[in-house]
Amino acid sequence: MCGILAVFGCVDYSQAKRSRIIELSRRLRHRGPDWSGIHCHEDCYLAHQRLAIVDPTSGDQPLYNEDKTVVVTVNGELYNHKQLREKLKSHEFRTGSDCEIIPHLYEEYGEEFVDMLDGMFSFVLLDTRDKSFIAARDGIGITPLYMGWGLDGSVWFASEMKALSDDCERFISFPPGHIYSSKHGGLRRWYNPPWYLEQIPSSPYDPLVLREAFEKAVIKRLMTDVPFGVLLSGGLDSSLVAAVASRHLAESEGAYQWGSQLHTFCIGLKGSPDLKAARKVADYLRTRHHEFHFTVQEGIDALEEVIYHIETFDVTTIRASTPMFLMSRKIKSLGVKMVLSGEGSDEIFGGYLYFHKAPNKEEFHQETCRKIKALHLYDCLRANKATSAWGVEARVPFLDKEFVNVAMSIDPEWKMIKRDLGRIEKWVLRNAFDDVQKPYLPKNILYRQKEQFSDGVGYSWIDGLKDHANQHVTDAMLMHASFIYPENTPTTKEAYYYRTIFEKFFPKSAARQTVPGGPSVACSTAKAVEWDAAWLKNPDPSGRAALGVHDAAYEEVEVPTAANLTNGP
């Protein structure tokens with residue numbers, strides 16, 4: 001990942017202003033420690049902090065068209081850049097950077113080129129010929145982007161809130177799948193997949209089509225010129241990423257430079273569920289496995305730094321971000337700059353345990369749509385910022401544009417959890433990779449129960465966080481929380497504790513408005529809490545909160561056999 005900062009329409013564009021922009025851009029240097037760049041054109045500034053993954057020797061930013069009239073600063077990876085270069089044969093390229101195609105696509109196709117991009121990205125582009133500019137974010141919001149407005153009429157964009165919060169009167173999280181155009185004066189949505197309207201799909205489930213789409217998603221993300229690996233928790237999603245990457249690594253670009261043995265990484269408290277399961281998967285796949293341990297106290301000591309980097313006070317996000325933040329530091333110390341991760345699967349396939357309570361396929365599907373649309377506020381934010389804090393890039397194959405379209409076109413009746421047919425959560429995905437002839441994973445891993453990352457690293461982690469918060473937040477403080485924090489009021493001592501840390505770093509009202517709120521149980525949206533009356537009384541974001549589902553739900557469930565794999569929805 002990289003860090004971008006762009007400012008347009010400053011009243012003051014003196015040397016002092018340039019120095020201020022450089023100072024603010026430095027706040028993003030953790031995202032891109034390899035090089036810094038800035039382009040100034042009258043009252044417009046585009047700054048960049050680079051993490052070099054593709055073409056590390058010549059791909060420094062900002063990037064330009066041939067005569068340098070079009071300038072772009074980009075954070076992301078474009079996996080189809082070689083195919084798009086074939087459409088631009090009349091253009092001259094200076095580097096091998098995947099992002100250099102953007103100014104040339106703009107020249108060729110205007111503002112409508114964004115939908116041609118296949119990857120994760122946030123970028124800001126300046127056309128110096130008329131001083132117009134555009135900013136865009138990928139369809140899911142895998143990469144972060146914020147937009148702000150200064151009192152002097154200036155417009156700001158930044159990868160993280162900390163780069164613009166002090167100098168902007170108001171700022172927002174830039175909506176995923178949107179483009180801002182100075183010519184048209186506002187935001188419009190460029191990403192319009194079939195599932196976005198939440199209409200119920202009816203395509204039959206084809207396990208081979210789903211498997212092939214996912215394998216393609218993983219393979220294209222092996223595009224790298226630096227050492228890489230896979231984050232392996234031992235759960236279904238990360239294990240499938242590792243299995244597919246390991247199977248296809250030998251023919252990838254990265255294998256020529258870094259060898260054909262995959263590196264995998266896991267973190268947890270000693271004796272945690274994830275550590276044991278990850279070791280089993282690593283042994284089965286014969287990866288070079290790196291196991292890291294942390295203590296509850298080490299996690300608590302890191303909380304302030306974690307909240308500063310991830311820029312949220314959401315309880316579940318902070319719980320899961322802390323071990324990921326600690327692991328990323330260890331990974332970077334090994335010289336690794338890019339990792340593949342399993343985010344997105346639970347949202348697409350209804351993998352969270354509360355989906356057991358979905359009353360029908362319509363509500364099941366609509367909840368998956370709501371979850372995908374909110375990913376940029378939760379798991380994508382966590383995966384990106386927790387790794388970028390240490391200059392590591394996380395790629396998420398489950399959120400591949402084509403794979404999401406394939407998976408979300410399946411009749412949701414197939415995704416429903418049906419214990420009488422042996423269908424546990426994410427059965428359609430498990431079954432797609434249940435290859436008897438050439439197994440991807442052992443059966444006990446392929447059908448392992450869902451663990452949220454914050455649970456899987458060790459149950460005492462969450463209990464330790466709650467105990468720590470109880471020591472620092474009194475009953476009286478929580479009782480008066482609505483007066484201190486009238487917006488998105490914390491309802492638990494843990495939430496109150498995180499809020500106090502967040503407000504110390506980001507005290508403006510605009511900052512707290514970038515954080516979602518509302519009741520949730522086991523990571524549900526507020527709407528899904530209505531599925532079970534008991535949840536309305538005691539909502540808890542932990543996966544263990546799905547009482548009667550976790551552990552007990554599978555006491556009588558057997559691994560599916562060929563007899564029930566053919567049953568229709």
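Helices (H or I, at least four residues) and strands (E, at least two) are taken as DSSP runs and numbered from the N terminus. The structure is a predicted model, in which local features require pLDDT of at least 70 and side-chain atom pairs count only at pLDDT 80 or more, while totals for chains, interfaces and linings use all residues. Residue numbers start from 1 along each chain as its sequence is written, and side-chain values use heavy atoms, with hydrogens and water left out.

The chain contains 24 helices and 17 strands. Its radius of gyration, taken over C-alpha atoms, is 23 Å, close to the 25 Å that the globule rule gives for 569 residues, so the chain is as compact as a globular protein of that length. The globule rule is 2.2 Å times the number of residues to the power 0.38. The C-alpha trace spans about 70 × 60 × 45 Å along the principal axes of the chain. Of the 569 residues, 63% are buried, where buried means under 20% relative accessible area, exposed over 50%, and partly exposed in between (1.4 Å probe, protein chains only). The accessible surface of the chain is about 21400 Å², and carbon and sulfur atoms hold 51% of this surface; accessible areas come from the Shrake-Rupley method with a 1.4 Å probe, and for residues only the protein chains shown count as cover. Among contacts (heavy atoms within 4.5 Å) with a separation of 6 or more, 71% are between residues 24 or more positions apart.

Six cavities of 30 Å³ or more are found in a search of the whole structure. A cavity is defined on a 1 Å grid over the protein atoms alone as a set of points where a 1.4 Å probe fits but cannot get out, and lining residues have an atom within 4 Å of a point. Grid points are joined across faces, edges and corners, and a volume is the space filled by probe spheres set on the points. The second largest cavity has a volume of about 120 Å³. It is lined by 15 residues, of which Gly119, Asp138, Gly139, Leu399 and Lys401 are the closest to its centre. Strand 6 (residues 119–127) supplies the largest share of this lining, three residues. By class, the lining of the second largest cavity comprises eight nonpolar, two polar and five charged residues. Here Ala, Val, Leu, Ile, Met, Phe, Trp, Tyr, Cys and Pro count as nonpolar, Asp, Glu, Lys and Arg as charged, and the others, Gly among them, as polar.

Strand 6 also takes part in the packing of helix 3. In helix 3 (residues 101–109), the residues Ile101, Ile102, Pro103, His104, Leu105 and Tyr106 are buried. The buried residues of this helix pack against strand 4, strand 5 (70–78), helix 2 (81–86), strand 6 and strand 7 (132–137). Gly110 follows helix 3 and has a positive phi, near 70°.

Backbone geometry was examined in several loops. The peptide bond from Gln61 to Pro62 is cis, with omega near 0°; Pro62 lies in the loop between strand 3 (44–50) and strand 4 (63–64). Two residues other than glycine have positive phi values: Glu42, near 55°, and Lys426, near 60°. Glu42 is in the loop between strand 2 (35–41) and strand 3 and is partly exposed, with a relative accessible area of 46%. Lys426, in the loop between helix 14 (401–408) and helix 15 (427–432), is buried at a relative accessible area of 2%.

Thr287 occupies the loop between helix 7 (273–285) and strand 15 (288–293) and is buried, with a relative accessible area of 10%. Its C-alpha atom is separated by 5.1 Å from that of Leu262, 25 residues apart along the chain. Apart from neighbours within four places in sequence, Thr287 is in contact with Gln261, Leu262, Thr264 and Ala282.

Gly335 is placed in the loop between helix 10 (315–333) and strand 16 (338–340) and counts as partly exposed at 38% relative accessibility. The C-alpha atoms of Gly335 and Phe228 are 8.7 Å apart, for a separation of 107 residues along the chain.

Glu347 belongs to helix 11 (residues 345–349) and counts as buried at 2% relative accessibility. Residues up to four places away in sequence not counted, Glu347 touches Tyr352, Thr368, Lys371, Ile372, Leu375 and Asp379. Between Glu347 and Leu151, 196 residues apart in sequence, the C-alpha to C-alpha distance is 39 Å.

Key. 1 Å grid on protein atoms, 1.4 Å probe; cavity = no way out; pocket = protein on both sides within 12 Å on 5 of 7 lines; lining within 4 Å.
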